[in-house]
Number of protein chains: 2
Amino acid sequence: MNEQILNPYYDRLPGSYLFSTIAKKIKEYQASHEDADIIRLGIGDVTTPLIPQVISAMHKAVDEMALKDSFRGYGPEQGYDFLREAIVRGEYIPRGVNLDPGDVFVSDGSKCDVANIQELFAEGVKIAIPDPVYPVYLDSNVMAGRTGVIDSIGHFTEVTYLSSTAENNFQPDLPKNPVQLIYLCSPNNPTGTVLSRETLQKFVDYANANGALILFDGAYNCYIQDENLPHSIYEIEGAENCAIEFRSFSKTAGFTGIRCAYTVVPHQLQKIHAMWNRRQCTKFNGVSYVTQRAAEAIYTAAGWQETQNVISGYMKTAALIRNELTACGYTVFGGEHAPYIWWKLPKLANGVQEKSFDFFDRLLSTCEVVGTPGSGFGPCGEGYFRLTAFGDHEQTKVALQRIKERL
Amino acid sequence: MNEQILNPYYDRLPGSYLFSTIAKKIKEYQASHEDADIIRLGIGDVTTPLIPQVISAMHKAVDEMALKDSFRGYGPEQGYDFLREAIVRGEYIPRGVNLDPGDVFVSDGSKCDVANIQELFAEGVKIAIPDPVYPVYLDSNVMAGRTGVIDSIGHFTEVTYLSSTAENNFQPDLPKNPVQLIYLCSPNNPTGTVLSRETLQKFVDYANANGALILFDGAYNCYIQDENLPHSIYEIEGAENCAIEFRSFSKTAGFTGIRCAYTVVPHQLQKIHAMWNRRQCTKFNGVSYVTQRAAEAIYTAAGWQETQNVISGYMKTAALIRNELTACGYTVFGGEHAPYIWWKLPKLANGVQEKSFDFFDRLLSTCEVVGTPGSGFGPCGEGYFRLTAFGDHEQTKVALQRIKERL
């Protein structure tokens, strides 16, 4: 086959998807260490089983699928009304945001939505992306040919980076070049830090003044412990005219294995709302009915309480990691309103800053603990390391004990 | 917001997605006819509940998700090995096709895969599409800016159409212009006709000789009753070097509401295999574990038998439609190896060919029966009408009685 028929931009992507690279490294270590007792605080995957309310809702939905009168075939591509309404009632009304259920598009994952949304925009649109951040925003734009080529420090030439580091208290400045699409992530993956109301207002005002659009990833909003911090971009004045919000049940309710998320495209963004609807109707066929009933169940009184208990459990683990590392003399960020701890790696004895991928290898070989190298999330993540609070609490204790003793 | 930042190609799409237009027409009819007793033989949605083997596999999987030791989080983006292996064992080995399970990519729907696959190709690639055919092949390429603009007969200027009509016995000729991507659909949606071994060999030879790629949609293969007809493109010599195949559990096992499909990208297509893998890892997060266990269950001995019984039921309905319309003096195609009947509309009393959308309205108002206008699948579908055999058998009988008496 003639390779000229292929999309040339895939060749601009870094070697492989970050988490695939890490999975491969772990596999290799295991192959050469038969008795390895690896503790994984790497990938952001949950470990607590689904709550009883969700389990019983799923059984009920499965039973409906067994009978002619209650069987469901194709559902609406946008999601069932029962779920769209439950989301508005459960997530937005309590935060003072009066959303139209017709603005909520249910999907099988935020990764899909956040990667697909760029299809709605022109090829030459200029984008701004936090650094460090979840790699999908960048990768999906690289694939679409929107980013230019990678430079020596690992930045793409046509992308504006919003550095989010300890130096600016993880509150990025406005883009210096004109941009039309701005990705924001709060609580941030990987730093676990939250964008303040002031920072968000600044970005919303910029977008409204400059005809730009904000793509706001709030996949971890349920971990915010301080009620005064913004959970949704729509708590910010003017955001309904310039922002799309991505949310997921993956981390909220442990749905990584059963797949459900949603994206809010306000009807105020008339043409974009119509385009996303068209995109979903043409390229997507809705989420499993069983999964949608599962998601609905977290908004019952009992389901909500059970969900909060699971979240509290993870946050207890986050506090443990934060406290233990701090007690060891390390500097850490995050872990207070997010399940991620952003660990600043100390300089080596010779004064040199250890690379985060080298630290990955060292942590694996000395402690058999897996985390995620910060540089995997962008050049500003170099010198940092991400640990997650999604692992088993007792196992995480063991991991921290090993770090304390062996590192 | 500045509309110049939007993808300009969405504006080239026909007004709305075909099935949304139809749903709207039905809704309007119902609003003005309170007592309407509409029988839907329109959208290709199944009505028979999930088989017992699938139901019990789903309950078992849901129970696993309730316990810490058996809970599953993120699965492989490509699908679990248990399902990829079951597909090869259940679908391909019996047809003499020796496929590598690593070439099977499990997804949440063929619509998604068939729409997303074009992302792997260069913007300027020339495509060939059957006419008439399932609208997603065309629409996804329109959105990507690959088709040029629509002309007065409804063809896009940069697309090569492979007309599939009674005149050529629904066996399209090779493209006259050079093309690099060729969509084929067999059994065809909407005509219900099957591409012969000779036709497929001709296309495979063309692709191999010209460095082109075939995108083969076999979503309805399980309805083929004649074992000598090809079910898979990989039954054709040389296809593993030039073809991708799309398959779905939607119509095979009634999964339209629980979402599972798969796409075969042979490892022989080295770079395309790697690109699709990268695309799925970056923009997709796998299919619900519960759904994958459901799909696996159809390949047990009992599950396979139950599945065949459901298919036989639909084919009994297809035969009913075919026979009754034929008895009324109409000419029909399909319905022998597919759940679709392609009804040639007779000329009106004045000798004029009735438009298929006009016939839709007339059938709805005189018989309260819904079908799909042929022109919705391409200009060559004008003058035809699609009925599906997925409806309730007894209801379909009533619909045919009404057609006989009232039309």
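**Entry 1: Gly374(A)**

I began with Gly374(A), which sits in the loop between β12 (372-373) and β13 (384-388) of chain A. This is a predicted model, so I am reading computed values throughout. Is Gly374(A) buried or exposed? Its relative accessible area comes out at 0%, and the cut-off for buried is under 20%, so Gly374(A) counts as buried. I then looked up which residues touch Gly374(A), leaving out those up to four places away in sequence. The list reads Trp342(A), Ser356(A), Gly381(A), Glu382(A), Tyr384(A) and Phe385(A). I also checked Gly374(A) against Leu213(A): the two are 161 residues apart in sequence, and their C-alpha atoms are 27 Å apart in space.

**Entry 2: the seven-stranded sheet**

Next I traced an open sheet of seven strands in chain A, with the order β2-β8-β7-β6-β5-β3-β4 and mixed pairing. Which strands are at the edges? They are β2 (104-107) and β4 (160-163) of chain A, each pairing on one side only. From one strand to the next, the twist averages 20 degrees.

Strand β5 (residues 181-185) and strand β6 (residues 213-217) of chain A run in the parallel sense, joined over five bridges. Within that pair, I found Ile182(A) opposite Ile214(A) of β6(A).

**Entry 3: helices on the sheet**

I followed two helices here. Helix α5 (residues 136-143) of chain A lies across β3 (127-131), β4, β5 and β6, and makes about 150 degrees with β5(A). Helix α8 (residues 270-283) of chain A also packs on the sheet, where it touches β2, β6, β7 (243-248) and β8 (261-264). The direction of α8 is at about 25 degrees to that of β2(A).

**Entry 4: chain A against chain B**

The contact takes 81 residues from chain A and 81 residues from chain B. Between them the chains bury about 6700 Å², with 60% of it on carbon and sulfur atoms. How many salt bridges did I find between chain A and chain B? The count is ten. I also looked up the salt bridge between the side chains of Lys271(A) and Asp11(B), at 3.0 Å from N to O.

Technical notes
Residues are numbered from 1 along each chain as its sequence is written. Chains are lettered from A and ligands numbered from 1 in the order in which they are written. This is a predicted model: local features need pLDDT of at least 70, side-chain atom pairs count only at pLDDT 80 or more; totals for chains, interfaces and linings use all residues. Side-chain values use heavy atoms; hydrogens and water are left out. Helices (H or I, at least four residues) and strands (E, at least two) are DSSP runs, numbered from the N terminus. Buried means under 20% relative accessible area, exposed over 50%, partly exposed in between (1.4 Å probe, protein chains only). Contact means heavy atoms within 4.5 Å. Two strands pair if DSSP finds at least two bridges between them. Axes are lines fitted to C-alpha atoms, for helices over the stretch in contact, and angles run from 0 to 180 degrees between N-to-C directions. Buried area is the accessible area (1.4 Å probe) that two parts lose on being put together, summed over both. A salt bridge is a side-chain nitrogen of Lys or Arg within 4 Å of a carboxyl oxygen of Asp or Glu.
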